[in-house]
Every structure is written in C-alpha cells, then in structure tokens.
Amino acid sequence: MPELPEVETIARGLAACLPGRRIVAARLGKTDFVDNPEELARALPGCIVRRVERYGKFLLLRLAAGNGAAGPTLLIHLGMTGQLIPQRADVPRAPHTHVVLSLDDGTEVRYTDLRRFGRMALVADGKLHSILGSLGPDPLQMAPGEFVQRLAARRAMVKALLLDQRTLRGLGNIYADESLWRARIHPARQAARLRRDQLLRLHRSVRAVLSAAIRLGGSSIANYRNAQGEPGLFQLNHRVYHREGRPCPRCRARIRRVIVAGRSSYFCPLCQRRPKGFKR
DNA sequence: CTTACGGCCTGGGTGC
DNA sequence: TGCACCCAGGCCGTAA
C-alpha cells in the first residue's frame with residue numbers, strides 16, 4: 001500500500017530516469033480512474049518530463065511543452081495497488097496495465113493497477129492548488145510545535161487524525177500504527193487528551209518511522225514495487241502492523257487488532273493503554 | 001465547523 | 001470445482 005515512504009521511493013527512482021525524456025505516445029486501457037482521459041491522451045504526446053516530485057502520497061510529473069514552455073503536471077495517486085514502472089518497450093506488459101507512456105529513448109512508463117483505486121489527472125499548474133491545497137504539511141518537514149498545534153485541540157481519535165491528509169500529508173494505515181506503537185499511544189485516544197510530551201513523542205515517532213522506511217525502500221505487503229520493480233524491505237521492521245497475535249517486541253504481550261476510525265488497527269495492549277470507555 | 005459512520009470502487013485470498 | 005464473503009485506502013454523503 002503506497003504511503004509516503006513508498007511514493008518517495010518511487011519518485012526517487014523515476015527522478016533518475018525520466019527528466020529530459022520526451023513523451024512520444026500515450027496509450028490508455030481502462031480509464032475509469034483517469035480524469036478526462038481523452039484530453040490526457042491528446043495532450044501528453046510531445047511533452048517533456050522536467051521533474052518528478054512527491055506531494056504527500058501523490059506523484060507529480062512536472063511537464064514542459066515541446067517547445068520548452070511550461071506545461072501541465074501529470075498528477076498520479078497510486079491508491080492501494082498502483083505501480084508506475086519504466087521498462088523497455090520489448091518487455092511484455094504486466095496484467096492490469098492501463099496507461100503506457102512511450103518515451104523518446106525506447107522505454108515505456110507503465111501504470112498498472114490491479115484494483116484501480118488509484119487516480120490520474122493532467123492538471124494545469126494554476127489548478128494544482130484546488131486539488132493539493134487542502135492537504136496538511138509534510139511530516140518530514142513539519143516543526144514539532146506545528147504538529148502539536150494541529151492535534152492538541154482536536155477531540156477526534158488520534159489515529160483518525162493521523163490518517164486524515166488534511167492534518168498532515170502522507171501517512172496511511174501502516175505508518176500510523178507503527179508510529180503510535182513507537183510513541184506508546186493507543187490509536188483510539190482522543191488527541192486533545194494527550195499531554196504535550198506525548199504529542200511531541202508522537203511527532204518524533206512519525207518522523208523516525210517514515211525516515212527508516214524510506215531508507216529501506218518502503219514496505220511491501222502484497223503489491224508494492226519501486227520504480228525498478230523491486231519490493232521494499234521495511235515490512236521486516238514492522239513492529240505491530242499485520243502482526244496480530246505475535247509478541248510485542250518491547251514487552252512480549254500479544255499484538256491485538258481492533259477497528260479504529262474504520263480501519264484495522266494493530267497495537268500492543270500493554271504498551272499502548274486503551275482510553276477509558278474504549279471496549280475490547 | 002467538527003466528528004462518526006456507512007457505502008462504494010475492484011478483485012485476490014480464504015473458507016466452506 | 002464453485003461461490004459467497006472479507007478486506008484493503010481514499011473519498012464522499014449524511015447525520016448529529
């Protein structure tokens with residue numbers, strides 16, 4: 001499931017091979033996840049990739065028009081199972097390949113997405129703000145005080161806030177659970193009832209978990225692959241995620257799974273004390 | 001405005 | 001062999 005570390009890994013891989021390349025053809029398969037597919041197929045050929053960036057969980061391919069003038073941005077969200085992998089054109093296409101961008105060096109950037117929960121749109125720079133403007137700060141660039149400020153007055157459950165991209169951008173279920181375990185905070189705690197030192201600890205935990213995950217190329221549970229088609233390694237360092245019934249690495253208590261904020265949430269019942277009134 | 005919750009999208013895996 | 005069901009993440013609508 002691509003969250004911030006996985007998208008960052010993919011963006012770095014693509015940044016090593018895409019900038020300067022001209023798109024010579026765009027072919028679409030199923031397009032129900034593409035915003036205005038006809039326009040996208042018409043406008044992409046001739047564009048040159050200037051830069052590859054990550055914004056939260058979004059990938060941004062910053063394009064230039066053929067004559068070098070500023071162009072639109074290809075905005076890609078990988079959803080749960082989206083993959084964006086450059087390959088030589090003679091390599092057979094994987095199943096569920098729905099977008100193929102042919103480049104001027106004989107390679108193809110291929111978007112495959114088993115579930116098609118991803119999204120793709122070609123957006124003029126002036127309109128980017130309307131899509132990305134509501135997202136919160138990047139956790140890796142966020143000052144501790146700002147993190148505390150965004151959570152301290154909120155009565156929602158802390159995990160719901162970590163997952164809400166308006167609070168901060170880039171966390172998903174894996175890294176929310178891993179961060180809360182590291183900070184010893186139960187996912188169902190009300191953010192407003194956490195002490196300042198707990199919020200500061202959570203901020204440090206989020207940053208430490210994300211940084212370590214980026215260093216290991218992200219987490220591969222089932223489908224995630226980087227831009228070279230390789231899995232990540234951080235799943236080997238998961239402490240609680242997808243580890244129900246296994247011992248907590250700190251205290252050996254059995255990891256439990258409950259539903260919090262509508263999501264499976266893994267936590268240690270001893271290290272992460274449940275709030276009063278939270279059943280199970 | 002804030003929060004909680006249910007439903008929807010899709011298809012692989014699981015269990016009967 | 002077949003098939004119903006669960007689950008995943010993000011988003012949206014609704015209700016309080």
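Ala, Val, Leu, Ile, Met, Phe, Trp, Tyr, Cys and Pro count as nonpolar, Asp, Glu, Lys and Arg as charged, and the others, Gly among them, as polar. The legends below describe close-up views of a predicted model.

View 1. Sugar or phosphate accounts for 56% of the atoms of DNA strand C within 4 Å of the protein, and bases supply the rest. An N or O atom in the side chain of R263 lies 2.5 Å from a base nitrogen of DNA strand C. The side chain of S264 places an N or O atom 2.6 Å from a phosphate oxygen of DNA strand C.

**View 2. Surroundings of DNA strand B.** Three nonpolar, one polar and six charged residues form the surface near DNA strand B. Among the atoms of DNA strand B within 4 Å of the protein, 69% belong to sugar or phosphate, and the rest belong to bases. R115 has a polar side-chain atom 3.3 Å from a sugar or linking oxygen of DNA strand B. The backbone also takes part: an N or O atom of the R155 backbone is 2.9 Å from a phosphate oxygen of DNA strand B, and a polar backbone atom of A156 is 3.4 Å from a phosphate oxygen of DNA strand B.

**View 3. The salt bridge between R54 and D138.** In this pair, the closest N and O atoms are 2.9 Å apart. The pair links distant parts of the chain, with R54 in strand β3 (residues 48–55) and D138 in the loop between α3 (125–132) and α4 (144–151), 84 residues apart. Both R54 and D138 are buried. R54 and D138 also belong to a network of salt bridges that includes E8 and R12. The structure holds 19 salt bridges.

**View 4. Two further salt bridges, R62 with E53 and E244 with R257.** The closest N and O atoms of R62 and E53 are 3.4 Å apart. R62 counts as buried because its relative accessibility is 15%, and the cut-off for buried is under 20%. The side chains of E244 and R257 meet at 3.6 Å, N to O. This second pair links distant parts of the chain: E244 lies in the loop between α7 (196–215) and β10 (256–260), and R257 lies in strand β10, 13 residues apart. E244 is partly exposed, with a relative accessibility of 47%. R257 is likewise partly exposed, its relative accessible area being 36%.

**View 5. R27 and its contacts.** R27 is located in strand β1 (residues 23–28). The relative accessible area of R27 is 39%, so the residue is partly exposed. Residues up to four places away in sequence aside, R27 touches R93, H98, V99, V100, S102 and E108. Two of these contacts are polar and join side chains: R27 with S102 at 2.6 Å, and R27 with E108 at 3.5 Å. R27 and L101 are 74 residues apart in sequence, while their C-alpha atoms are 6.5 Å apart in space.

**View 6. The largest nonpolar core.** This core has 37 residues, of which F147, L162, Y175, I185, L202 and C268 touch the most other members. The elements α4, α5 (158–163), α6 and α7 each give two or more residues to the core. The largest share, eight residues, comes from α7. Beyond its neighbours within four places in sequence, L202 is in contact with F147, V158, L162, S179, L180, A183 and I185. A second, separate core of 30 residues includes I10, V49, L61 and V99.

**View 7. S179 in helix α6.** Helix α6 spans residues 173–183 and contains S179. With a relative accessible area of 0%, S179 is buried. Apart from neighbours within four places in sequence, the residues in contact with S179 are L202, S205, V206 and V209.

Methods
Residues are numbered from 1 along each chain as its sequence is written. Chains are lettered from A and ligands numbered from 1 in the order in which they are written. This is a predicted model: local features need pLDDT of at least 70, side-chain atom pairs count only at pLDDT 80 or more; totals for chains, interfaces and linings use all residues. Side-chain values use heavy atoms; hydrogens and water are left out. A salt bridge is a side-chain nitrogen of Lys or Arg within 4 Å of a carboxyl oxygen of Asp or Glu. Buried means under 20% relative accessible area, exposed over 50%, partly exposed in between (1.4 Å probe, protein chains only). Helices (H or I, at least four residues) and strands (E, at least two) are DSSP runs, numbered from the N terminus. A residue is near a molecule or strand if one of its heavy atoms lies within 4 Å of it. A polar contact is a pair of N or O atoms within 3.5 Å; within protein, one must be able to donate a hydrogen and the other to accept it, and residues adjacent in sequence count only if both atoms are side-chain atoms. Contact means heavy atoms within 4.5 Å. A nonpolar core is a set of buried Ala, Val, Leu, Ile, Met, Phe, Trp, Tyr and Cys residues joined through side-chain atoms within 4.5 Å.
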